[in-house]
Amino acid sequence: MSQHRPVQPKSVLRGHLTQVHTTNFIRSNQRLASGDADGFVILWDLTIMRPRAVWRAHASAILGIADWGDDKIITHGRDNRLVVWKLALQDEVTMSTVLPLDESVPERPQPWILHLLKVNTMNFCSFASCPARPAATSDELLVAVPNTLDTEAVDIFQLPSQNRYHTVNMGRKAEEKGMVMTLNLFWLQGRLTLAAAYESGLAVVTRLGKDETWDILYKSQVHGQPVLSLDVAPQKDFFLTSGADAIIAKHPIPTGAFINRESQHPRQTESGGSPAPDPSLLNATNSRQMSHVTETQPLKYINTKHSGQQGLRIRSDGKIFATAGWDSKVRIYSTTAMSELAVLKWHGVGCYAVAFATLTDEQTSDFVKPYVSDAESRGKPEEVEDNGDAVVMTAAPKRSQLNVKDRRIKMAKEAHWLAAGCKDGKISLWDIY
């Protein structure tokens, strides 16, 4: 029998003194942001696999990290603070690169604080964010966090104003949903939509209506234990949840159908022989007759036999997703079949976070290779530049013609990175699929 050598990570980033709670690729995959249980944040330069910025962002554990535009980093900590830091690429030279493992450094400089929100972190739930409008620029942002007083509710703030725009209550208090455990905020068909999952195992999708009320579109309890993570597919047509149990569930994201609550019969048209209803009567009773359908059935769910899978993330092409396991393993699944594709075993203790690099359009396309020109057949691919009426043909530089720095940047941007943060303070980097 042939013996297969275990797959090894491409690189291992060592620098955190305590467990890594969150990882996220930013700046076109050139940086990996990681946060640990002591509140430290590290921005790793993936072109050289070295730190570019290290600072203590919070007095307690980091719950989440994200970028906002090209020059801002958002961190959410267990110290009840959500902070927006100004840290552009050119600002990294002013930051310390001494890793948290070196405890001899008394204090490291922090980036400039642009905004600071006092938020509830009793839930262990990280923030979620999206643009303030469907086609908005990066100047405004909406941030969702658990409500300060009611742990079942969700507050939505607007930045930079720091005003609270909405408080979302998803269902009745008698349902005993428990605390909000994980959130995702996004726009769907021009409507602000919120997906949330709870300590009870309940998953909910709600949407902001035109009358500024939140309509529950989906509600289902597949998990028997707290939901640990949730992620929405890039096409916004489904979302996945994983929990403290062994279940991974695939849920629909409804677009908001209506039903007529007063009639149990199918609607007939005039061509079917039924008299046409009076439009004035329909208008007068519209709000009384029509209401949103709340879907309750998941699309699919599987019992993986492995409890405690968290940090679930779907890759930007929507084809695969990954989980971090309490059993130290990172598992890769197909989003379509929900089948296990690979198990990555390197860490010796539990994993808490995973992150995928964002794939480019060229990496995600499945198009057939186009016609090859004579220049391409000689090893000189052509680029077409449109200068008004004239079309100029120029030879694209070969990879061998790039300098070392540009080759490293190209590799960092194009690698199919998967990062896994672990209890041992290490981050493994894998190049998969």
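Buried means under 20% relative accessible area, with exposed over 50% and partly exposed in between (1.4 Å probe, protein chains only). Strands (E, at least two residues) are DSSP runs, numbered from the N terminus.

This is a predicted model: local features need pLDDT of at least 70, side-chain atom pairs count only at pLDDT 80 or more, and totals for chains, interfaces and linings use all residues. Residues are numbered from 1 along each chain as its sequence is written, and side-chain values use heavy atoms, with hydrogens and water left out.

I noted that in a regular strand the side chains alternate between the two faces of the sheet. Six of the six residues of β25 (320-325) are buried, so the strand is largely enclosed by the rest of the structure.

Next I checked the pairing. Two strands pair if DSSP finds at least two bridges between them. β24 (residues 309-314) runs antiparallel to β25, joined by four bridges. Arg313 stands opposite Ala322. Five residues lie between these strands in their hairpin, where Gly318 has a positive phi near 75°.

β26 (residues 329-334) is also antiparallel to β25, with five bridges. Thr323 has Arg331 as its bridge partner. This hairpin has three residues between the strands, and Ser328 in the turn has a positive phi of about 80°.

Then I turned to another sheet. It is open and antiparallel, in the order β18-β19-β20-β23. Its edge strands, β18 (227-232) and β23 (300-303), each pair on one side only.
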